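Subject: Structure handover

Hello,

Here is the structure I said I would pass on. My notes on it follow below the model.

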Amino acid sequence: MPEATHPAHAFAPASADLPATWENVDRLFESADFTGHTLPALLREARWFGGKAYALVAVRAIASLPLGELAAGRLILLEAIYEDHPAETYVLPLQLAPIAPPNALIVARMSGGFLFDALTDENFRATLIDLIFREKRISTGNAAIVGICGAALAGRSRPMDSRVIAAEQSNSAIIYGDRYFLKLYRKPAIGENPDAELIRFLSERQGFAHVPAFCGAIEYCPAAGQSRTLALLVANVPSTGDAWAFTLASLRRQFDGSESGALYLARARQLGTRTGEMHVALAADSEDPAFAPEPFSSEDRTAVCDSAKAATKRTMELLGKQLANIPEADRPNATALLHREGEILARLATLAACEITATKTRHHGDYHLGQVLDTGADFVIIDFEGEPARSIEERRMKRSPLRDVAGMLRSFHYAAHSAIPHPASHEARAAAETWTRKVAQVFLDAWLAATTGASFVPTEPAALQALLTLHLIEKAIYEVAYELNNRPGWVFIPVLGLAQLLDDGITSSP
């Protein structure tokens, strides 16, 4: 959805002529001015707030969760209320003290103290990890905050120093003693978080070494209803950065002639192997209903195709409306794609009719180069949350692992075109496409070798190609809509990718 047009609301801290106590903070949250103006303005400016495209009317506290003694701080569950969208729940960590840290976001100035974002407070950060190490349960009202300790923490001491990582966008992150990485979910959904669930399954139950070791979690458990995962603690992974940055750096060296492509092809092969090994591990438990592979039925195939058809119609309508916002150099290709809507729908109908014998399993759900850390010698896969716009139920659904494969193949295409100037010359664009095809094939071959005999791999090559193509089209359609809504200057990449899929596909036949 395009960003809603509403007047800008620059955030300014509230001023309250009230003594700085938590009881008075509760009163502040009952104030119409605070919930109708201060908190909405705060959310609109927060990097982790995902509702910027909607008209935010008010914000109210639905739970105030003390983390122990008064000086420990609180986690506030906020309900963001919109004019044109269902309400969403966000987490705001707050601390109250006579003096705020120099870099703290001040939420309110009170008599004798400040209310501020607690992540800048060292005592608050220590309290979070202490909840996990000591497996504390703090009851408050009709709910409890529960610390869960993972097997990787057995016999370990709690680190004393910590720092906030500024790079996280949709969540917030804390590093403890360079040993542990805590992710605070700013938008905690009701139900079992697939990020914590899958990382724990892979690291504790499958011994898969290419995810961060599960160390613990913090959950909000109401007396009635399902819990929410508020935070995940994993082992910190020393890395040189993510695979996206590694790929862009390699591409630029390849395109300027200072590096051959052999090194990157070897790493792409390694990534394909690790991806396949992850999928085999996720399908390894046939007894646990949450993970046991299930038949990929004709109904499943039809559902994927129908969803892709509906998304195609919505996206093409949006593309037509947004043509004027696309850079002039990219409009001819975008216009040409508009005229191919019928061709896309026909291709999806053909794929829906293809017989496929395979299973569906749990999978990563939002797999691309930015979700993989490069350790220099190997890769570690992170962020199993799935696509943030989808519900927890959708993100935990079993699907074909080829959906992850398609996501990575599309990510290679993005990287290739991001590494060359835009608008690109015919020669530069041809070089980017050649690189994409070569790397995609190496990755796919390695994935197939790592998953030989797996029930989720279609037995017939034509069926495998059809299912992969289906997910590639599905992903490219999603990307066109995403870029139109967020980065019109990037929409040329999925437009090119989708046109190429219609012409001849992005990989050779498996």
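Two strands are taken to pair if DSSP finds at least two bridges between them. Helices (H or I, at least four residues) and strands (E, at least two) are DSSP runs, numbered from the N terminus.

This is a predicted model, in which local features need pLDDT of at least 70 and side-chain atom pairs count only at pLDDT 80 or more, while totals for chains, interfaces and linings use all residues. Residues are numbered from 1 along each chain as its sequence is written, and side-chain values use heavy atoms, with hydrogens and water left out.

β14 and strand β17 (residues 372-374) pair in the antiparallel sense over 2 bridges, with Asp-242 opposite Leu-373 of β17. They belong to an open sheet of 3 strands in the order β14-β17-β18, with antiparallel pairing. β14 (241-242) and β18 (379-381) each have a single partner strand, so one side of each is left without a neighbour in the sheet. Helix α6 packs on this sheet and touches β17 and β18 (contact means heavy atoms within 4.5 Å); its direction makes about 35° with that of β18. Axes here are lines fitted to C-alpha atoms, for helices over the stretch in contact, and angles run from 0 to 180 degrees between N-to-C directions.

Next, helix α5 (residues 243-255). Its 13 residues should span 18 Å at 1.5 Å a residue, and the end C-alpha atoms are 18 Å apart, which agrees; the expected span is 1.5 Å times one less than the number of residues. At the start of α5, a side-chain oxygen of Asp-242 comes within 3.1 Å of the backbone nitrogen of Trp-244. Buried residues of α5 include Phe-246, Leu-248 and Leu-251, where buried means under 20% relative accessible area, exposed over 50%, and partly exposed in between (1.4 Å probe, protein chains only). Among the elements that cover the buried residues of α5 are β14, α6 and α12 (426-450). After α5 comes Gly-257, with a positive phi near 85°.

The other sheet is open as well: 7 strands in the order β7-β8-β12-β13-β11-β10-β9, with antiparallel pairing. β7 (137-140) and β9 (162-165) stand at its edges with a single partner strand each, so one side of each has no neighbour in the sheet. On average, neighbouring strands of this sheet are turned by 15° against each other, direction ignored. β9 is joined to β10 (residues 172-176) by 4 bridges, and Ile-165 stands opposite Ala-173 in β10. Helix α4 (residues 194-205) lies across β8, β11, β12 and β13, at about 145° to β12.

Two aspartates sit in loops. Is each of them buried or exposed, or in between? Asp-178, between β10 and β11, is partly exposed at 48% relative accessible area, and touches Arg-163 and Asn-236, not counting residues up to four places away in sequence. Asp-288, between α6 (262-282) and β15 (294-295), is buried at 18%. The side chains of Asp-288 and Arg-205 form a polar contact of 2.9 Å.A polar contact is a pair of N or O atoms within 3.5 Å; within protein, one must be able to donate a hydrogen and the other to accept it, and residues adjacent in sequence count only if both atoms are side-chain atoms.

Regards
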